[in-house]
Structure formats: structure tokens, C-alpha cells
Amino acid sequence: VFSPDLSKVNDSNVWTLYNRDIIPGDAIHLNSKPGDGILFLKESNFKNGISELVIKGKDERGRSFVGIAFHGLNDSIYDVIYFRAFNFKSSDRNSHSVQYISHPQYTWHFLRKEHPEMYENIVNPVPDPNDWFHVTVKVDYPHVNVFVNNSEKPSLSIDQLSARKEGWIGFWVGNNSEGYFRNLKVISE
């Protein structure tokens, strides 16, 4: 089990920040800007295993895309599991609550158009969209299972679309989104 020291996120020897600023506080807070933002842990070389963390978004439509990136190579090549907190309790959009993407090729827009409902799903149990929720991502290439708030049933179960089997792990926020992260734990297998 590896739990990185989150108090050292400003150490560029350990972490690499793309397109965001870190706002000081008791959690990692990445601010809102146009485009995607990532804080990668450079000393990680995550292959298969489990990553756990606690995430907080907000209930503001189109402005709360928060998740975990893995198998990352740089700011444009990575896989992500992310959440749209504003859809958690929406009866007409809740099937778009958790999403897998693989950049640069497999964006959310491409996957929704070409493979509707295959790489996104309802989150169960449904968290409060303005509160912290626990996320467990199990990667056994190419299989990925996502569990929320210690549920025994995955909220999302997919096969990765990229051929990457290893890379950096980190915190991810989408276009015009901010996010809060804490308690990252990585268990490599």
C-alpha cells in the first residue's frame, strides 16, 4: 500500500501539475479553468491494482467533472474515471454520473456518440453531489471496475480502450471544473 504525502504537492520533483493551480487547504483543491487539469504523481508507475481516494465535486451542471487519471504519460495521454456530481440525483441524467475516457482518442463525446451507455453509468449508492464520496478503482488490465462508497457492486465496469498498461496516476478535473481530493491510497498488484 502506497499513500503519497499530499502535503508535498508543490514539489515538482514528486508531482506534475497541468493547467490548474492548487489552492491551499486541508485537501488537494484544484481550481477551475477552461480545459482539463491534472495533478500527476510522478513517482508512480501504476499498472494493475487498486486506487482509493475521497473526492468532492459540486451540484452545478456542467461545472463539476472530477476524477482519477491513471496510465498517464503526459497532459494529453491518459485514462480517467470521473464523476459528474451534478447528475447524481438527476432522474433524467443520472445514467451519465460516472464516466470512463481514454485521451486523446476516446473522449466522452466520442464514446457517448459511438458507444452510448457503454462507458458511463449511474452511481450506486447515490452520494450527495455537494459532499465527499469514497471511490475505489480496480484495474486488472484491460478490466476496470469502479466502486463508490464501499459498495460491493461496481457503479461502472468496462474494458480499457487504450493499449497502455502502465503510467502515472493523479487527480483530474474537466473543463471549467474544480475539484477536491484527499486520502489517496494505491495498492499495486
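Predicted model: local features only at pLDDT ≥ 70, side-chain atom pairs only at ≥ 80, totals over all residues.

Strand pairing. I started with strand 12, residues 156–159. Then I checked the neighbour: strand 11 (residues 143–148) runs antiparallel to strand 12, and four bridges join them. I looked up Asn145 too, and its bridge partner in strand 12 is Ser157.

Salt bridges. How many does a search of the whole structure find? I got eight.

Arg164 and Asp79. Their side chains meet in a salt bridge at 2.6 Å, N to O. The pair links distant parts of the chain, 85 residues apart: Arg164 sits in the loop between strand 12 and strand 13, Asp79 in strand 7. Buried or exposed? Arg164 is buried at 16% relative accessible area, and Asp79 is buried at 0%.

Glu120. I found a salt bridge to Arg84, with the closest N and O atoms 3.1 Å apart. Glu120 lies in strand 9 and Arg84 in strand 7, so the pair ties together parts 36 residues apart in sequence. Glu120 is buried, at 3%, and Arg84 is buried, at 5%. Glu120 also meets Arg112 in a salt bridge, 2.8 Å from N to O. I noted Arg112 as partly exposed, at 26%.

Network. Last entry: salt bridges with shared partners join Lys58, Glu60, Arg63 and Glu178 into one network.

Technical notes. Residues numbered from 1 in each chain as written. Heavy atoms only, no water. Buried < 20%, exposed > 50% of the residue type's maximum accessible area, 1.4 Å probe, protein only. Helix = DSSP H or I, 4+ residues; strand = E, 2+ residues; numbered from the N terminus. Pairing = 2+ DSSP bridges. Salt bridge = Lys/Arg side-chain N within 4 Å of Asp/Glu carboxyl O.
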